[in-house]
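This report covers aromatic pairing and nonpolar packing. The sequence and structure come first.

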Amino acid sequence: MTGLSTPRRAWLAGNGAYTTLGVVTLAVVWWLVSAIGFSRTGFVPTPLSVLVRFAANLGDPVYWNAIAVTALEAGKGYLWGNVLAFAVAVVVLMVPWLEGIATQTAVIASCIPLTAIAPLVVLMSDTSSRAASSILAAMMVFYTTVIGSLLGFKAADPAALDVVRAYGGGPWKRLVKVRLVAAIPNIMAALRIAAPAAFTGAVLGEFFLSGVDSGLGIMLMAAQVAIQPQALWALTLLCGAVAGIGYAVVSGIAAVLTAWARGIPSSWSRR
């Protein structure tokens, strides 16, 4: 951290302190609820017992296979949902009168209960298909990325757009040279939010699958049916950890791309 400025170091230190305080507070509240409200039933196990089970799970290849299976479906949904959302945003930018239709479609897609969509997808899919998991993951990211991309494209500097127009650049060149660069912070912010959302959608989709026996969602259902509180809470913690890793990875990529976009000289738009 020696290369960081004093304000940056102070911000990181403060952010780390708040994070630590939040984790400690959550653990204390969790322990109190377990000890006071569910001491007899054990339906809310103590944080320590859950962490012990969580650590044991990490040594079992079955759990790693489940993580890989669910993460793969989440990745598929994340990719296709974001690609479709970005394509819609670009089309709206090129054909402005479509904006109302596109935004309303995105809103409708975000408002439809996923638990109503999943059974329909399962009904239309082959046995043992995981399409519902991927589709729910895609639906979880579509609205966020559409809105984030549109806001980013509209944040472009009008003066830079005028420069490109003066040099004979058309709508496509203005998009590539100015709007896309200006939109990177907004797009990456949307992609950060979309990463854990896609994983959540993939896990939820597995609750409706038939003919499959692997995945974190399947394991969550099995633990619930068997009434295994520690296993259920440990799996929930595991899902949160995987979603958090996805968020962290996209955040790291976002930091690099955002810094690159901010460092682009103004002459870029005239090339």
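## A buried ring and its partner

Phe153 is buried, at 0% relative accessible area (buried means under 20%, exposed over 50%, partly exposed in between; 1.4 Å probe, protein chains only). The model is predicted: local features need pLDDT of at least 70, side-chain atom pairs count only at pLDDT 80 or more, and totals for chains, interfaces and linings use all residues. Residues are numbered from 1 along each chain as its sequence is written, and side-chain values use heavy atoms, without hydrogens or water.

The whole structure holds 2 aromatic pairs (Phe, Tyr or Trp rings, the six-membered one for Trp, with centres within 6.5 Å; stacked is under 30 degrees between planes, edge-to-face over 60, tilted the rest). Phe86 and Phe153 form a tilted pair, at 5.8 Å between centres and 55° between planes. Phe86 lies in helix α3 (residues 61–94) and Phe153 in helix α6 (residues 131–154), so the pair ties together parts 67 residues apart in sequence. Helices are DSSP runs of H or I, at least four residues, numbered from the N terminus. Phe86 is partly exposed, at 29% relative accessibility.

## Nonpolar cores

The largest nonpolar core has 26 residues (buried Ala, Val, Leu, Ile, Met, Phe, Trp, Tyr and Cys joined through side-chain atoms within 4.5 Å). Phe199, Leu216, Leu235, Leu238 and Cys239 touch the most other members. Elements giving two or more residues include α2 (47–58), α8 (171–206) and α10 (229–262). The largest share, 7 residues, comes from α10.

Leu238 touches Phe54, Leu58, Tyr63, Ile67 and Leu216, leaving aside residues up to four places away in sequence (contact means heavy atoms within 4.5 Å). A second, separate core of 21 residues includes Phe153, Ala89, Ala183 and Ile187.
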